[in-house]
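This briefing is for a reader opening the structure for the first time. Please look it over before turning to the notes.

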Amino acid sequence: MRNERIGDYLVSQGLLSEEQLQKVLAAQKESNGAKKFGDVVVELGFMTEINFTKALAGKLRVQYVDLDNTDINTDAVQKVPEALARKHTVIAIAITGKRLTVATNDPVNFIVLEDIKVSTGMDTVPVLATTSAINKAIGKCYSMQNVDSVLEGVTAMASDLGGAMDEDANERVESAPIVKLATTIVENSFRADATDIHIEPFDKYTRIRIRVNGDLVELMNISAAVHSALTTRFKLISGMNIAEKRIPQDGRFTQVVDGTTLDVRVSSLPMVHGEKIVIRILSTGQIALRKITDLGMSDYNYQLFESMLRVPHGVILVTGPTGSGKTTTLYAALGEIAKPNVNVVTVEDPVEKTIDGINQCQVNQKAGMTFAAALRSILRQDPDIVMIGEMRDTETADIGIRAAITGHLVLSTLHTNDAASTVVRLVDMGVAPYMVATSLIGVIAQRLVKVLCPNCKRARMSTDEENELMGIPSTIQIYEPVGCPNCNNTGYRGRTAIHEIIHCTAKVSAIIAAGGGKEEIEAAAKANGTKLLRDNASELVQAGETSIDELVRSTFSV
């Protein structure tokens, strides 16, 4: 049993078919042994990395560990030098007496375990974890030691200069401490699952904050003397003009962190005490596209959404405020409907993720390549499905709606507060109500709500006022955030989406064509079975997934 090959084991367990196994072996043969069996299985999409690792753990009878949800002992981490951990893709996670528990992706490689035993003088107990989880943990656990040493170097540099920061700027920008600091800021932000980094200059210090789960959290404060060199470093690598400090600028660069290539957008804006830099971290196409099933939709909403995507032509709109995951939903929808026999073209500003097999076009205002101009050309490119990044003006909305009427499927986003007001907005933008009524398939409004940390959430009974907010008759058990080391003392870990989906049925279309208001459309949609954002958030609170505070923050209206 122990000598059975992993491929045969997966087939015997019903996790792979014989046909898939042959495809994997053929692909592995093509790589001349450069790729491991498991890597090929994951690459071809037959199994996820986690499922393969769990199956491997079952075969080898080794414990599987989910490092993302495991408390890693910092003393254990210190036992193994960083160079050794990176070389062998291992991380020590616990100490029991004289035994060191080590997470590895290859528990039968005794040379590695012997190496660690010699280095630490302790017996090693291997447990199995995924390669990406180990790399992420290595980055996270060793990076905090690096931050302190980098900050020491930068502080020493600032005091050497005695505040004279503007003379030989280039030398300093290329100096090791500043380069290291810039790299470390991006690395640590990515590891903390941040979406944005704010570098803000003040009189005596520079504050660096990161946006995690929609909230800004302080990362570090550095000496104001270093600010100029740090901003110049970011401007230099993102291709901006470093001599120009009076006007806002935009740029971008890529950086590899823990094996993932990040697409990093940089924006600079002159302030009183220097330039403020805001950095947006976008994970590139290397991170797999989300599937529709991974969007956090309730089963009910998922069925509504899927039935909308089956309609051959018309307009589907996704609405919500900035940063509510609209683009992610659109990309997931595209991934579902982009088959080899259809021509999919997108117009975006900017293109956030490059997707295989989809023609993506970037807006360039300076060159006259606006949304409207790009759309006109696209309609001559024989498209089946068109995605418009955002309907910003009347012209774009008008062309988009006309494209839908002439037999194309158009997906786009709008900034409105709920699904019903989207229709009113389109009419306000100057699109004739009868055109909206005939072309609109449906509208999805969405928000992101924070998910309570499972390790520290605290149960309590709901009050009458909260019952009213949730729309329920009696008191129930709900949870509130507390805060622990696992969630950086915020009480929340990650976010999920809530949705409100309106189908444009014959009744809703008739109201739109007659110029009906938001209330009428909403009433007809509710009669039709639409669940509002508030209902969706209320279900999450009742299930113990999120808190009342989040329900109020995301759906409260006067």
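Predicted model: local features only at pLDDT ≥ 70, side-chain atom pairs only at ≥ 80, totals over all residues.

Residues are numbered from 1 along each chain as its sequence is written, and side-chain values use heavy atoms, with hydrogens and water left out. Helices (H or I, at least four residues) and strands (E, at least two) are DSSP runs, numbered from the N terminus.

**The open sheet**

- An open sheet of 7 strands runs in the order S12-S11-S13-S14-S10-S15-S18, with mixed pairing; two strands pair if DSSP finds at least two bridges between them.
- Its edge strands are S12 (359–362) and S18, each of which pairs on one side only.
- From one strand to the next, the twist averages 20°.
- S15 and S18 are paired in the antiparallel sense over 10 bridges, and Lys-450 stands opposite Arg-495 in S18.
- Helix H12 packs on this sheet, where it touches S10 (314–319), S15 and S18, and its direction makes about 55° with that of S18. Contact means heavy atoms within 4.5 Å; axes are lines fitted to C-alpha atoms, for helices over the stretch in contact, and angles run from 0 to 180 degrees between N-to-C directions.

**Strands S4, S5 and S6**

- S4 (residues 194–201) pairs with S5 in the antiparallel sense over 7 bridges, and the two form a hairpin with 3 residues between them.
- S5 also pairs with S6 (residues 215–223) in the antiparallel sense, over 8 bridges. The hairpin of S5 and S6 has 2 residues between the strands, and Asn-213 in the turn has a positive phi of about 50°.
- Arg-207 of S5 is the bridge partner of Glu-200 and stands opposite Asn-221 in S6.
- In a regular strand the side chains alternate between the two faces of the sheet. S5 (residues 205–212) has a covered face of Thr-206, Ile-208, Ile-210 and Val-212, and an uncovered face of Tyr-205, Arg-207, Arg-209 and Arg-211.

**Helices H10 and H11**

- H10 (residues 176–191) and H11 (residues 227–237) pack at an angle of about 70°, with their axes 10 Å apart.
- H10 is therefore roughly perpendicular to H11; angles of 65 to 115 degrees count as roughly perpendicular, under 35 as roughly parallel, over 145 as roughly antiparallel and the rest as oblique.
- The contact residues include Ile-178, Leu-181 and Ile-185 of H10, and Leu-230 and Phe-234 of H11.

**Buried residues and cores**

- In H21 (residues 533–542), the buried residues are Leu-533, Asn-536, Ala-537, Ser-538, Leu-540 and Val-541. Buried means under 20% relative accessible area, exposed over 50%, and partly exposed in between (1.4 Å probe, protein chains only).
- Among the elements covering them are H12 (299–309), S15 (440–452), S18 (492–503) and H22 (548–555).
- Just after H21, Gly-544 takes a positive phi of about 80°.
- The largest nonpolar core has 41 residues, of which Leu-317, Val-347, Leu-426, Leu-440, Ile-512 and Ile-521 touch the most other members. A nonpolar core is a set of buried Ala, Val, Leu, Ile, Met, Phe, Trp, Tyr and Cys residues joined through side-chain atoms within 4.5 Å.
- A second, separate core of 33 residues includes Leu-151, Phe-234, Val-266 and Ile-277.
- Leu-56, in H4 (residues 49–60), is buried, with a relative accessible area of 16%.
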